[in-house]
Amino acid sequence: MDDTALEAVLRRDRAVVTAALVVIAVLAWAYVLWLAATMVMPGSPLPDGEGGDMAGMDMGGMDMGAAMAPGFRAWAMGDFAFTFTMWAVMMVGMMTPSVAPMLLLYAGVGRKARADGRPIASTGWFFAGYLAVWVVFSLLATGAQWLLARLALLDPSMATVSAILGGLVLIAAGLYQWTPMKGVCLRQCQAPIAFLASHGGFRSAPLGALRLGMDHGAYCLGCCWALMALLFVGGVMNVLWIAGIAILVLLEKTVPTGQLIPRVLGALMAAIGTWIVFQAF
């Protein structure tokens, strides 16, 4: 590639980053949709019509249904790996759209910095740091799923079978929407420039950019972890529920209403959760 062609690519860096984010999100969502489409409910026949008492489709020696809702047998190492992969890919699909403004800002400043002879670390390093936080969260979510399955509190779609537990999760998530920690984390996510200013700006070293991405991911996690817990209420494999939570996360971070959306949403969640708990008694 000659210098002219390279400069043309650099001038289109925002378009390149946008395209990359779209591809990543689409692939992640395609994986989630594939999982939802291929999950077989307990007691239903396998695709070959054999083994109708099995919980799900066999994939290379691992019972897919047991990995998705393994109340039917103890988890093997492959089940942990499968479930962790599912959570990690799902988090990429859900969180990539909401971090796009930050990544586009980073890419735009990076192009200008290169033109001024003061290059900063690649956007990829920042994004990798951001995703690393959600990978750690995925590990914790896998552990939570294992515990709930161990206690026989999940159905095959990985929604809680306990109305009381579901209601309490809704109440807790709703109350968290009103906490100071939620407000602090949300402000950092809503204002990328303010976040960069409060964290020393862009980094020239790759590891510095990686750490900056992890810092941003930590604020994002602090903002959204309670909403992600709602996946166990509506079903981790309920695609409409997943999409709804992803849209709420995006609205909270990008619509300029301050804390209005999260607080209205929190009040609604707490009210619904309270109603569910009372109905359970």
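Helices here are DSSP runs of H or I with at least four residues, numbered from the N terminus. Before you click around, note that this is a predicted model, where local features need pLDDT of at least 70, side-chain atom pairs count only at pLDDT 80 or more, and totals for chains, interfaces and linings use all residues. Residues are numbered from 1 along each chain as its sequence is written, and side-chain values use heavy atoms, with hydrogens and water left out.

**Stop 1: a salt bridge inside one helix**

Select Arg211 and Asp215. They form a salt bridge, with their closest N and O atoms 3.3 Å apart. (The term covers a side-chain nitrogen of Lys or Arg within 4 Å of a carboxyl oxygen of Asp or Glu.) Why are these two separated by about one helical turn? Because they sit 4 residues apart in helix α9. Arg211 counts as exposed, at 54% relative accessibility. For these labels, buried means under 20% relative accessible area, exposed means over 50%, and partly exposed is in between, using a 1.4 Å probe and protein chains only.

**Stop 2**

The structure holds 2 salt bridges. Now pick Glu252 and Lys182, whose side chains meet in a salt bridge at 2.8 Å, N to O. This pair links distant parts of the chain: Glu252 belongs to helix α11 and Lys182 to helix α7, 70 residues apart. Are these two buried or exposed? Glu252 is buried, with a relative accessible area of 1%, and Lys182 is buried too, at 1%.

**Stop 3: around helix α7**

Stay with α7 and color residues 180–190. Its buried residues are Lys182, Gly183, Cys185, Leu186, Gln188 and Cys189. What covers them? The cover includes α6 (163–176), α8 (192–198), α9 (206–229), α11 (239–254) and α12 (260–280).

**Stop 4: the cysteines**

How many disulfides does the structure hold? The number is 0, where a disulfide is a pair of cysteine sulfur atoms within 2.5 Å. Select Cys185: the nearest cysteine sulfur, that of Cys223, is 6.7 Å away. Cys185 is buried, with a relative accessible area of 8%. Next try Cys220, which is in no disulfide either; its nearest cysteine sulfur, that of Cys224, is 4.3 Å away. Cys220 counts as buried at 0% relative accessibility.

**Stop 5: the nonpolar core**

Show Trp87, Met94, Met228 and Leu231. These have the most contacts inside the largest nonpolar core, which has 55 residues. (Such a core is a set of buried Ala, Val, Leu, Ile, Met, Phe, Trp, Tyr and Cys residues joined through side-chain atoms within 4.5 Å.) Helix α4 gives the largest share of this core, 12 residues. Zoom in on Met94. Leaving aside residues up to four places away in sequence, Met94 touches Trp29, Met228, Leu231, Ile242, Ile245 and Ala246, a contact being heavy atoms within 4.5 Å.

**Stop 6: out to the surface**

Select Met77, Phe80, Trp146, Leu147 and Leu151, which make a nonpolar surface patch of about 500 Å². Patches are made of residues with over 30% relative accessible area and no salt bridge: like charges are joined within 9 Å, nonpolar side chains (Val, Leu, Ile, Met, Phe, Trp, Tyr) within 5 Å. The elements giving two or more residues to the nonpolar patch are α4 (77–115) and α5 (123–150). Leu147, in helix α5, is partly exposed at 43% relative accessible area.

Last, click Ala152, in the loop between α5 and α6. Its phi is near 60°, a positive value in a residue other than glycine. Ala152 counts as exposed, at 55% relative accessibility.

Methods:
Accessible areas come from the Shrake-Rupley method with a 1.4 Å probe; for residues, only the protein chains shown count as cover.
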